[in-house]
Each structure stands twice: as C-alpha cells, then as structure tokens.
Amino acid sequence: TAAKMGAPTGRQIAIRTAELRIRAVEGLQGLAEIILFEAAGLLRDRVRSAQSALLAGQRRMARIRGMSAAAMHLLSGAAVLAALYLGGGLVASGRLSGDTLALTALAIAAAFESVFGLPAAYQFLSRTRAAGGRLVEIVECEPAVRFEGCSDGVLPAACGVEFNGVSFRYAPELPWALENVDLTVPAGRRLAVVGESGAGKSTLVKLMVRFIEPATCNIRNEM
C-alpha cells in the first residue's frame with residue numbers, strides 16, 4: 001500500500017527536482033542576457049513555481065512516510081501485546097517460563113525493526129526508477145552527429161583539420177553563420193581565429209569538434 005501511494009509522488013519528485021535544477025542552471029548561465037532583457041522577474045517566478053511544486057511533492061511523500069511508519073509501529077505493538085496476552089496464560093499455568101515469554105516479545109519487536117525501512121524504500125522506488133529512466137534516455141539517445149568509418153582504436157597523438165567549402169546556418173530562415181569556408185590547419189600548427197561578435201568563431205569550433213554538421217561540403221581530419 002505504501003508503495004502504491006508513494007509511486008506517483010516519487011515520480012513527480014524526480015521530475016520536479018530535475019526541473020528546478022534546470023531552471024537554476026539556466027538562470028546562472030544566462031544571467032547576463034536575463035539582466036539585459038529585464039527577464040529576472042520571469043525567471044524568478046519560474047524558479048519559485050518549480051520549487052513550490054517540488055515542496056508540495058516532498059510534503060506528500062513525508063505524510064505517506066509518516067503514516068507508513070505509524071502503521072508499522074502499530075503492527076509491531078499489536079504483535080508484542082498479542083504475544084504477551086497469549087503467553088501470560090501459559091506462564092500462569094506453568095507451561096511457559098517468564099524468561100521465555102520476555103525473549104519472545106523482544107524477538108517479535110526485533111523482527112519488526114528489521115523491516116521498518118521497507119515502506120520508505122518502496123516509496124522511493126518509483127523516484128529511483130524515474131531518475132534511472134532519464135539516464136537511460138540519455139544513454140540510448142541517437143547522436144546528432146555520427147563519425148562514419150571511425151574505429152574505436154587508439155587516437156593519434158596529433159592530427160590536422162581541413163574545411164572544404166563549408167557552410168552552416170542554425171535555421172533555414174536565418175542568414176549563414178559560415179558560408180563557403182576553406183580552411184586547412186596541418187597537424188602541429190596553430191591558428192588564431194579572430195573577429196567581431198557573430199562572425200562565426202564559435203560555430204567554427206562547433207563544426208570542428210562535430211557538435212553540429214555542416215550544411216554543405218565536408219570537414220576532414222588529416223592524420
């Protein structure tokens with residue numbers, strides 16, 4: 001029963017925790033833009049909304065955990081009282097010693113102590129499964145860029161890179177970030193790329209490390 005009651009709440013806690021972390025990281029990474037466009041209030045409202053949802057889930061889980069713990073203590077006490085009640089007659093009739101009855105009551109209490117943590121574990125099982133499912137989605141996600149023909153062998157100590165008429169833009173309706181770029185950097189050489197903001201420096205690096213694919217022509221590594 002505790003597992004069924006805590007399963008949906010545990011999943012919600014996992015989702016809300018991830019959402020709150022994402023909001024916080026987004027706010028830190030884009031703090032300059034947020035201040036520039038006066039969006040701090042919007043970000044604050046989103047963080048508070050995510051935090052409120054997480055706290056509500058945690059309160060529900062705390063109530064479920066409290067009720068399950070109370071039920072376990074109630075069952076434990078009832079079992080000990082039943083043993084004392086039934087054993088009392090046996091002690092009175094001389095068929096059972098008082099020491100044995102005391103040990104029996106302690107053994108029953110100790111048996112319940114060993115399973116007191118199971119309801120809480122089952123309540124958080126769904127939360128653990130939800131978190132594991134998110135990790136599995138990341139692991140099984142198809143990569144946006146594939147390195148065809150590459151092996152899993154040892155990488156070379158150094159390699160060059162060659163751009164042949166490379167063009168790229170972030171969306172079909174946007175202007176080209178890079179257009180017909182020819183570039184060759186032999187192995188062991190250094191090249192400084194300079195330019196104003198928006199000239200395509202970051203895009204060039206993203207293409208070089210294959211975070212994105214060029215729209216036209218190709219990029220070749222020279223071993």
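Trainee: What share of the contacts in the protein chain with a separation of 6 or more is between residues 24 or more positions apart?
Mentor: That share is 68%, with contact meaning heavy atoms within 4.5 Å. Keep in mind this is a predicted model, where local features need pLDDT of at least 70 and side-chain atom pairs count only at pLDDT 80 or more, while totals for chains, interfaces and linings use all residues. Residues are numbered from 1 along each chain as its sequence is written, and side-chain values use heavy atoms, with hydrogens and water left out.

Trainee: And what pattern does the chain follow along the sequence?
Mentor: α-α-α-α-α-β-β-α-β. That's 6 helices and 3 strands, taken as DSSP runs numbered from the N terminus (helices: H or I, at least four residues; strands: E, at least two).

Trainee: OK, helices. How do α3 and α4 pack?
Mentor: α3 (residues 40–92) and α4 (residues 98–113) pack at about 165°, axes 9 Å apart. Those axes are lines fitted to C-alpha atoms over the stretch in contact, and angles run from 0 to 180 degrees between N-to-C directions. So α3 is roughly antiparallel to α4, a label for angles over 145 degrees.

Trainee: Which residues meet there?
Mentor: On the α3 side they include Met 72, Leu 75, Ala 79 and Val 91, and on the α4 side Leu 101, Ile 108 and Phe 112 are among them. The residues of this contact split into 12 nonpolar, 4 polar and no charged; Ala, Val, Leu, Ile, Met, Phe, Trp, Tyr, Cys and Pro count as nonpolar, Asp, Glu, Lys and Arg as charged, and the others, Gly among them, as polar.

Trainee: Switching topic: how many residues are in the largest nonpolar core?
Mentor: It has 11, including Val 161, Phe 168, Leu 183 and Ile 212. A nonpolar core is a set of buried Ala, Val, Leu, Ile, Met, Phe, Trp, Tyr and Cys residues joined through side-chain atoms within 4.5 Å. β1 (160–168), β2 (178–185) and α6 (201–208) each supply at least two of its residues.

Trainee: One last thing: is Asn 180 buried or exposed?
Mentor: Exposed, at 52% relative accessibility. The cut-offs are under 20% relative accessible area for buried, over 50% for exposed, and partly exposed in between (1.4 Å probe, protein chains only). Asn 180 sits in strand β2 and has a positive phi near 50° without being a glycine.

Key:
Angles under 35 degrees count as roughly parallel, over 145 as roughly antiparallel, 65 to 115 as roughly perpendicular and the rest as oblique.
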